[in-house]
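Me: I would like to go through the labels used for this model and ask, for each one, what it rests on. Please set the values against the definitions.

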Amino acid sequence: MLQIVNTINSYLSDYILVFLLVAVGLWYTVKTKCVQRYLWKGLKQLFGGFSLRGGSQGGGMSSFQAVATAIAAQVGTGNIVGSAGAILVGGPGAIFWMWIIAFLGMATIYAEATLAQKTRVTDAEGNIQGGPVYYIQTAFKGKFGKFLAGFFSIAIILALGFFGCMVQSNSIGSTIQMAFGIPSWIVGIFLVIICGFIFMGGVDRLASVTEKLVPVMAAFFLIGGLGVLAMRLQYIPETFGLIFKYAFQPQAIIGGGFGIAIKTAVSQGAKRGLFSNEAGMGSTPHAHALALVKNPHEQGCVAMVGVFIDTFIVLTLNALVIISTLYAGNGPLANGYVGEAANTLKNTNLAQVAFGVVYGDKAGAVFVAICLFFFAFSTILGWNLFAKINVTYLFGKKAQRPFMLVALVFIFLGTIGESDLVWACSDMFNQLMVIPNAIALFALTGVVTKMLGDRDK
């Protein structure tokens with residue numbers, strides 16, 4: 001089964017995924033005349049509405065709560081473990097391709113957020129529901145639209161609600177056990193209790209948690225990461241040089257012929273970039289649909305900020321720490337992922353080793369474990385909400401509680417066992433979500449450009 005799933009993933013990530021992500025991002029960058037230029041407006045709007053106590057919004061969220069929930073989902077293991085894996089497999093140049101995917105992804109997520117705002121609905125109890133299933137059925141009427149929406153819903157429930165949460169909780173359990181010696185099953189019980197409490201509180205409780213958690217965890221990681229870069233300041237020029245050099249000469253560090261090496265670097269950047277910022281995947285539009293804003297354009301601008309923070313700040317900072325400590329200055333990976341380094345350095349411990357170069361092995365492991373706990377925990381919260389919205393779409397509100405109970409079981413199982421198949425299935429369903437979402441985004445280009453044109457009305 002693992003071999004079959006890995007084969008599917010290789011075709012999805014190396015061909016279909018790269019093509020769709022780049023194509024959608026380029027398409028909307030051109031059609032909107034580079035909508036990324038509104039990033040500054042999004043930043044002003046986001047921090048203008050910044051509050052750690054936004055309160056209940058009556059079935060929806062404030063704009064800041066919505067983007068905090070989106071960032072909570074985006075900033076997870078993909079930023080630490082995923083970027084580390086991309087660097088190990090694709091070389092430092094994979095980070096360059098992550099930047100390209102993220103820049104284009106800002107145009108993609110603008111389209112996703114504005115469409116989610118445009119097509120959202122309000123149920124009989126006054127709660128807002130929105131996401132790709134609603135704009136997919138707007139793009140395609142009849143049976144084809146229902147099929148695409150159903151396909152997307154099943155993929156996101158499996159990808160985020162079940163397998164994805166196992167991946168996140170596994171990262172939490174393993175790093176906490178490594179750093180503090182706490183058995184992973186105890187960590188699992190703690191996660192189940194606190195996640196269950198938040199899940200049962202609905203959107204209001206989730207928004208209350210994410211609006212406080214996201215700024216604190218981001219600040220903590222930034223301070224720690226900048227501390228490492230300050231101590232490795234002399235290697236920063238070399239670090240950026242390695243990223244740009246190996247983006248176009250990856251064979252020099254990962255081996256093999258140029259064609260295979262460049263495909264590996266690009267596909268790793270695309271796949272892990274998607275897992276990190278989720279632009280084009282169709283997950284974060286569920287949060288942006290809940291935002292109470294004047295018009296869709298406002299939330300589209302704020303949505304771009306989420307990708308910017310996730311990739312260009314958090315992920316990039318982690319990558320710079322890894323490259324400046326382990327590649328630059330004749331580090332253990334200076335000649336590639338070979339020899340003793342290949343036996344001791346893995347994507348799961350690479351960040352801990354990198355931070356340990358400056359802070360010491362124990363302190364580095366503890367710092368990364370704390371960051372990864374908050375990153376992965378916040379992602380579990382966001383992903384559960386997104387999956388629950390699709391469970392409701394498919395089966396109605398009566399299915400919400402059974403789904404949450406099953407999700408809690410998966411979270412616990414993730415902490416006590418590690419399975420390559422779980423990681424592979426998570427990747428596969430993450431990538432399958434892109435297909436119906438991207439098709440709908442292409443079909444609704446006229447709707448998005450019209451909303452951009454009507455932004456001041």
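Me: Which residues line the largest cavity, and what makes a space a cavity and not a pocket?

Reply: In this predicted model, the lining of the largest cavity consists of Ile198, Phe199, Gly202, Leu206, Leu381, Asn384, Leu385 and Lys388. On a 1 Å grid over the protein atoms alone, a cavity is a set of points where a 1.4 Å probe fits but cannot get out, whereas a pocket is an open set with protein on both sides within 12 Å along at least five of seven lines; a lining residue has an atom within 4 Å of a point. The largest cavity holds about 60 Å³, a volume being the space filled by probe spheres set on the grid points, which are joined across faces, edges and corners.

Me: Which helix supplies the largest share of the lining of the largest cavity?

Reply: That share, four residues, comes from H17, which spans residues 361-395; a helix here is a DSSP run of H or I with at least four residues, a strand a run of E with at least two, both numbered from the N terminus.

Me: What is the volume of the second largest pocket, and which residues lie nearest its centre?

Reply: Its volume is about 380 Å³, and of its 19 lining residues Asn127, Gly202, Val203, Lys388 and Gln400 lie nearest the centre. H17 again gives the most to this lining, with four residues.

Me: Why is Val203 called partly exposed?

Reply: Val203, in helix H9 (residues 202-231), has a relative accessible area of 24%. Buried means under 20%, exposed over 50% and partly exposed in between, with a 1.4 Å probe and protein chains only, so Val203 at 24% is partly exposed.

Me: Why does Thr379 count as buried?

Reply: Thr379, found in helix H17, has 0% relative accessibility, which is under the cut-off of 20%, and therefore counts as buried. Its side chain reaches the backbone oxygen of Phe375 at 2.9 Å.

Me: How do you know which residues Ile172 touches?

Reply: Contact means heavy atoms within 4.5 Å, and, leaving aside residues up to four places away in sequence, Ile172 touches Val187, Leu191, Leu372, Phe373, Ala376, Phe377 and Ile380.

Me: What limits apply to these values?

Reply: Local features of this predicted model need pLDDT of at least 70 and side-chain atom pairs count only at pLDDT 80 or more, while totals for chains, interfaces and linings use all residues. Residues are numbered from 1 along each chain as its sequence is written, and side-chain values use heavy atoms, with hydrogens and water left out.

Note on methods
Polar contact = N/O pair within 3.5 Å; in protein donor to acceptor, adjacent residues only side chain to side chain.
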